[in-house]
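Here is a brief report on the structure shown below.

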Amino acid sequence: MISTLVLVVFGLLALLFLIRLAKGRSSTINSLDDLTERLRPVDVEAFRNLVDPDEEEFLRTSLPPTEFRAIHRERLHAAVDYISCAAQNAAVLLRLGEAARQSPDPAIAEAGETLVDSAIRLRLYAFHAMGRIYLGILLPGVRLSPVSIAESYERMTGLVIQLGRLQYPATGARVAAVL
Amino acid sequence: MTLLGMVWYYLWIAPYVLQGVLLLVMVRRRFYRQFPVFFAYTAFEVCQFVVLFAMDHSAAVSAEEYVHAYGWALAVSTALRFGILHEILAHLFRDYAALGHFGKPIFRAATVALLFAALALAVYTGGNNANGVMLAVHVADRTASILQCGLLMCLFLFSTYLGLSWRNHVFGIALGVGIFASVELIVSAMRAQITLPYFVDFLTMGTYHCCVLLWIFYLWAPERSTQFTLRVLPETDLEIWNQELQRLLHQ
């Protein structure tokens with residue numbers, strides 16, 4: 001009987017989720033200004049510093065263990081914030097890439113395709129990295145290497161800046177400034 | 001005929017008449033090329049309705065024969081719905097090449113996990129129905145519902161997290177299949193354990209009616225176009241972009 005209850009609850013939740021999904025489909029980006037408003041600035045260098053193993057080692061040797069653990073936890077929480085911010089930007093940029101790949105111009109379409117690929121990879125890496133960082137917060141001894149996120153983000157933002165320049169010479173710089 | 005009887009007949013007949021309309025829409029807009037399995041499913045549903053309706057109203061057909069025919073029709077329908085899921089996944093992976101590398105293993109793992117869970121439930125919980133054929137039908141129905149609903153939820157959650165935009169037509173088909181699979185899961189889970197009052201059938205039939213309307217709406221509506229207006233590109237920028245693409249391709 002418990003299994004039946006679980007299945008019924010799962011079915012109801014699935015139904016509610018689908019209805020919500022269908023309702024939320026009208027939300028779209030209508031212009032490049034709309035896009036820039038949704039982007040949040042991310043300092044890649046600051047993020048690199050937060051997850052730098054040398055920096056971590058330096059703190060580990062210079063601080064008492066209790067203090068190190070507290071600071072390390074705070075740094076990891078900050079890193080999660082940076083990653084979620086980058087992942088959110090990737091979701092917005094994914095829309096831009098999708099719009100660009102519908103362009104009749106093959107170069108813009110191809111650029112859009114590449115941007116879409118980078119954004120999807122970043123979202124997947126972000127999901128993976130956040131899982132690992134949370135594990136690191138729970139188990140402070142575990143080594144982390146989410147530096148590839150920073151590299152992936154930089155590669156993606158580089159693509160966006162180029163795409164912006166190709167499509168909107170005037171407003172592309174504004175997107176670049178936010179990223 | 002009572003009002004309830006009329007509603008029953010309406011909910012039995014109307015979805016299949018609407019599916020006939022859906023077939024026409026698909027032929028007119030050449031969707032049978034893009035969605036061959038969904039087209040086959042729609043055509044099969046219309047055919048099986050005609051056969052089952054005729055059998056139900058024929059004095060020469062026994063109740064047992066009808067149940068067997070219903071069971072076979074349900075089995076083919078369920079198999080075709082799995083085919084639709086495969087078609088939806090194929091469309092999504094075609095639209096997002098990057099997903100092929102990461103997404104396919106995730107869905108393979110999800111399918112295996114859901115299959116094990118559904119089979120374990122079928123083996124350990126069984127059911128309460130004394131009729132062997134109907135019990136087998138209900139347990140198989142529940143197993144298929146768990147798989148279909150679970151896979152669709154994985155697909156929707158996965159694409160929501162990644163922020164993927166579905167094409168209108170694919171989304172409509174998936175939404176209809178998902179809503180029906182969710183209601184089927186609720187009903188089949190309860191039906192495999194307890195004898196449900198007959199009005200629960202109204203819920204399933206009404207849901208299917210709504211799903212057919214959803215399919216017609218989404219397949220009739222034009223595909224959403226991009227809101228961004230693209231401009232003419234200067235030659236120099238194109239060259240820079242080509243170089244950048246080459247660099248990315250060699251990474």
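The model is a predicted one. Arg30(B) sits in the loop between α1 and α2 (31–34) of chain B. Its backbone stands out as well. Arg30(B) is not a glycine, yet its phi is positive, at about 55 degrees. Most residues other than glycine have a negative phi.

## The two chains

The model scores ipTM 0.76 and pTM 0.76. Chain A comes to eight helices and zero strands, and chain B to nine helices and zero strands. Read along the sequence, chain A runs α-α-α-α-α-α-α-α, while chain B runs α-α-α-α-α-α-α-α-α. The table sets out further values by chain.

| Chain | Residues | Buried residues | Mean pLDDT | Residues at pLDDT 70 or more |
|---|---|---|---|---|
| Chain A | 179 residues | 37% buried | mean pLDDT 75 | 71% of residues |
| Chain B | 251 residues | 29% buried | mean pLDDT 81 | 85% of residues |

In chain A, 67% of the contacts between residues at least 6 apart in sequence join residues at least 24 apart. In chain B, residues 24 or more positions apart account for 77% of the contacts with a separation of 6 or more.

In chain A, helix α1 (residues 2–23) has the highest mean pLDDT of the elements, at 87. Helix α8 (residues 172–178) of chain A has the lowest, at 52. In chain B, α3(B) has the highest mean pLDDT, at 94. Helix α9 (residues 235–249) of chain B has the lowest, at 30.

Which residues of chain B have a pLDDT that stays under 50? They are residues 230–251, and for this stretch the model has 22 contacts beyond four places in sequence. Where pLDDT is low, the predicted coordinates should not be read in detail.

## A helix pair in chain B

Two packed helices are described by the angle between their axes and the distance between the axes. Helix α1 (residues 3–28) and helix α3 (residues 36–56) of chain B have axes that come within 9 Å. These axes cross at roughly 145 degrees. The crossing of α1(B) and α3(B) is left-handed.

On the α1(B) side, the contact is made by Tyr16(B), Gln19(B), Gly20(B), Leu22(B), Leu23(B) and Met26(B). Across from them in α3(B) are Phe39(B), Thr42(B), Ala43(B), Glu45(B), Val46(B) and Phe49(B). By class, the contact of α1(B) with α3(B) has eight nonpolar, three polar and one charged residues.

The largest nonpolar core has 79 residues. Leu152(B) and Ile173(B) have the most contacts inside this core. Helix α7 (residues 168–191) of chain B gives the most to the core, with 14 residues.

Setting aside residues up to four places away in sequence, Leu152(B) touches Leu85(B), Ala174(B), Val177(B), Gly178(B) and Ala181(B).

Val187(B) is also found in helix α7 of chain B. Is Val187(B) buried or exposed? Val187(B) counts as buried, because 22 C-beta neighbours lie inside 10 Å and the buried class begins at 20 or more. Beyond four places in sequence, Val187(B) touches Val200(B), Leu203(B) and Thr204(B). Leu92(B) is 95 residues from Val187(B) in sequence and 29 Å away in space, C-alpha to C-alpha.

## Two alanines of chain A

Ala14(A) lies in helix α1 of chain A. Ala14(A) is buried, because 23 other C-beta atoms lie within 10 Å. Leaving out residues up to four places away in sequence, Ala14(A) touches Cys149(B), Met153(B) and Ser182(B).

Ala70(A) lies in helix α5 (residues 65–101) of chain A. With 13 other C-beta atoms within 10 Å, Ala70(A) is partly exposed. Ala70(A) and Thr114(A) are 44 residues apart along the chain, and their C-alpha atoms are separated by 40 Å.

Definitions and conventions
Residues are numbered from 1 along each chain as its sequence is written. Chains are lettered from A and ligands numbered from 1 in the order in which they are written. This is a predicted model: local features need pLDDT of at least 70, side-chain atom pairs count only at pLDDT 80 or more; totals for chains, interfaces and linings use all residues. Axes are lines fitted to C-alpha atoms, for helices over the stretch in contact, and angles run from 0 to 180 degrees between N-to-C directions. Helices (H or I, at least four residues) and strands (E, at least two) are DSSP runs, numbered from the N terminus. A crossing is left-handed if the near helix is turned anticlockwise from the far one by less than a right angle, and right-handed if clockwise. Two residues are in contact if their C-beta atoms, placed from the backbone, lie within 7 Å. Ala, Val, Leu, Ile, Met, Phe, Trp, Tyr, Cys and Pro count as nonpolar, Asp, Glu, Lys and Arg as charged, and the others, Gly among them, as polar. A residue is buried if 20 or more other C-beta atoms lie within 10 Å of its own, exposed if 12 or fewer, and partly exposed in between; C-beta atoms are placed from the backbone. pLDDT is the predictor's confidence in each residue, from 0 to 100. A nonpolar core is a set of buried Ala, Val, Leu, Ile, Met, Phe, Trp, Tyr and Cys residues joined through C-beta atoms within 7 Å.
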